[in-house]
Amino acid sequence: MSTSSEDTSTTAPTDDKPESSEVASTPEADSTPEAFLSGQHTVPRPSLFGAETFSVAGFLMLATTLFATELIAIFSRWVLTPSISESDAPSVVVQGSLTGSAVLAGLAVICAAIALFRAGTTTRAWARQLASATILAGILCVILAVLTFVLMPTPVYPNP
């Protein structure tokens, strides 16, 4: 390439075709595992029963258990209290509330585990992180419920 003002010839090709012979990527090529390994963005496949759905469902079930605070209140009242008299024994309603919290926390763990099993290369990172956090917190809630159920005094049944 000359910098002279008298030189009017060009060395660049005059046609508009690209120099490389690569074929333009198609949407099908972007969703293949090779596209993921080469660092290309993959198009997420929307699914009604995908990992994201189960992840959010598990989180909502666990949030219901945690925000209701029944599990923590029952644990602190019936397990952490040093002495409980016979007249202060828990009722069947308390035991039912404890069982309901444990079942809902268990279902949250199951939904989050399904989300992690359904996760693939196109699953968004937030769905995996939310499912993992739901599993950890849900297992702690289930352990707390089982511990409370075992350590709680025998409930008083109403007289018929």
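The buried residues of helix 6 are covered by, among others, helix 3 (51-68), helix 4 (70-78) and helix 5 (92-118). Here, buried means under 20% relative accessible area with a 1.4 Å probe, protein chains only, and helices are DSSP runs of H or I with at least four residues, numbered from the N terminus. The model is a predicted one, in which local features need pLDDT of at least 70 and side-chain atom pairs count only at pLDDT 80 or more, while totals for chains, interfaces and linings use all residues. Residues are numbered from 1 along each chain as its sequence is written, and side-chain values use heavy atoms, with hydrogens and water left out.

Which residues of helix 6 are buried? They are A127, A131, T134, I135, G138, C141, A145 and T148.

Let us turn to helix 3.

Next, the nonpolar cores. A nonpolar core is a set of buried Ala, Val, Leu, Ile, Met, Phe, Trp, Tyr and Cys residues joined through side-chain atoms within 4.5 Å. The largest one has 11 residues, among them L62, C141 and A145. Helix 5 gives the largest share of this core, four residues. A second, separate core has six residues, including F54, C111, A115 and A131.

Definitions and conventions: Buried < 20%, exposed > 50% of the residue type's maximum accessible area, 1.4 Å probe, protein only. Helix = DSSP H or I, 4+ residues; strand = E, 2+ residues; numbered from the N terminus. Contact = heavy atoms within 4.5 Å.
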